[in-house]
Amino acid sequence: MELFGIALMTLALFVSFGFMVGVLFGFFGMGGSFLVTPALLVMGYPARVAVGSGMAFVFGTAMIATLKHRDLGQVDYKLGGLMIVGTTSGIEVGSRIVYYLEELGLASGAIGVTYVVLLGAVGLFVTRNALVNDGGDDSSSSHHESDGEIDPDAIPPLAKRIQSYRIPPMMTVAG
């Protein structure tokens, strides 16, 4: 049986994977898009499809986050414009490299190895920063400051509507 030209089992797998990535990585305050490309490669999708799907995932997450931060006045448009130029250039160069590697039959392997190296480097960088920052005094780090109360008027209407949904399991942290 098929829906939208996709077997129901495959469709259920994709929806389940997307839900899992969204929920698990929502707890950590980061996107799970870095799992999309390797997962699609493992499922046997061509490298360009896996990379493009991962980029679409990143785009959606980034747009939602940008709109939220814009509402809070936390968007630097000049920096954003520079990042768009750099990102667009990088995407174009990267896509040409992927197409060339596909012609050689090396795309999936090269992308897999690149992901492992990139994620390992990010992990080492984050670990180093955590170790360096935890050893200092509390006055040098702003993340130890109290969050205080959040002004209800500062929360956008869309966020209020989403927060009003009660979908189990729900958890409340008493403070």
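Tutor: Start with a term: a salt bridge is a side-chain nitrogen of Lys or Arg within 4 Å of a carboxyl oxygen of Asp or Glu. Keep in mind that this is a predicted model: local features need pLDDT of at least 70, side-chain atom pairs count only at pLDDT 80 or more, and totals for chains, interfaces and linings use all residues. Residues are numbered from 1 along each chain as its sequence is written, and side-chain values use heavy atoms, with hydrogens and water left out.

Student: How many salt bridges does that rule give?
Tutor: Three salt bridges. One of them pairs Arg48 with Glu102, at 3.1 Å from N to O.

Student: Where do those two residues sit?
Tutor: Arg48 is in helix H3, residues 47–71, and Glu102 is in helix H4, residues 77–104. They are 54 residues apart, so the pair links distant parts of the chain. Helices here are DSSP runs of H or I with at least four residues, strands are E runs of at least two, and both are numbered from the N terminus.

Student: Is Glu102 buried, partly exposed or exposed?
Tutor: Partly exposed, because its relative accessibility is 25%. The scale is this: buried means under 20% relative accessible area, exposed means over 50%, and partly exposed is in between, using a 1.4 Å probe and protein chains only. Arg48 is partly exposed too, at 47%.

Student: What else does Glu102 touch?
Tutor: Skip residues up to four places away in sequence, and Glu102 touches Pro46, Ala47, Arg48 and Ala107. Contact means heavy atoms within 4.5 Å. Pro46 is 56 residues from Glu102 along the chain, yet their C-alpha atoms are separated by 8.8 Å.

Student: OK, what about the salt bridge of Arg96?
Tutor: Arg96 pairs with Glu92, and their closest N and O atoms are 2.8 Å apart. Both lie in helix H4, four residues apart, or about one turn of the helix. Arg96 is exposed, because its relative accessible area is 58%. Glu92 is partly exposed at 39%.

Student: And which residues meet at 3.3 Å?
Tutor: Asp71 and Arg70, again as a salt bridge from N to O. Asp71 has a relative accessible area of 42%, so it counts as partly exposed. Arg70 is partly exposed as well, at 43%.

Student: New topic. Which residues make up the largest nonpolar core?
Tutor: Nine residues: Val36, Leu40, Leu41, Ala47, Ala50, Val98, Leu101, Ala107 and Ile111. A nonpolar core is a set of buried Ala, Val, Leu, Ile, Met, Phe, Trp, Tyr and Cys residues joined through side-chain atoms within 4.5 Å.

Student: Which elements give two or more residues to this core?
Tutor: Helix H2 (33–42), H3, H4 and helix H5 (107–134). H2 gives the most, with three residues.

Student: Pick Leu40. What is it in contact with?
Tutor: Leaving aside neighbours within four places in sequence, Leu40 is in contact with Phe14, Tyr45, Val49, Ala50 and Ser53.

Student: Zoom out. How many helices and strands does the protein chain have?
Tutor: Six helices and two strands. From the N terminus on, the order is β-β-α-α-α-α-α-α.

Student: How much of the protein chain counts as buried?
Tutor: Of its 175 residues, 11% count as buried. The chain exposes about 13,900 Å², and carbon and sulfur atoms supply 69% of that. Those areas come from the Shrake-Rupley method with a 1.4 Å probe; for residues, only the protein chains shown count as cover.

Student: What does UniProt list as "transmembrane region"?
Tutor: The unreviewed UniProt entry lists residues 7–29, 49–67, 79–99 and 105–126. Its positions are in the numbering used here, feature names are shortened, and annotations may be inferred rather than shown by experiment.

Student: How much of residues 49–67 is helix in the model?
Tutor: That span is 100% helix and 0% strand, with its end C-alpha atoms 27 Å apart. Residues 105–126 are 91% helix and 0% strand, and there the end C-alpha atoms lie 34 Å apart.
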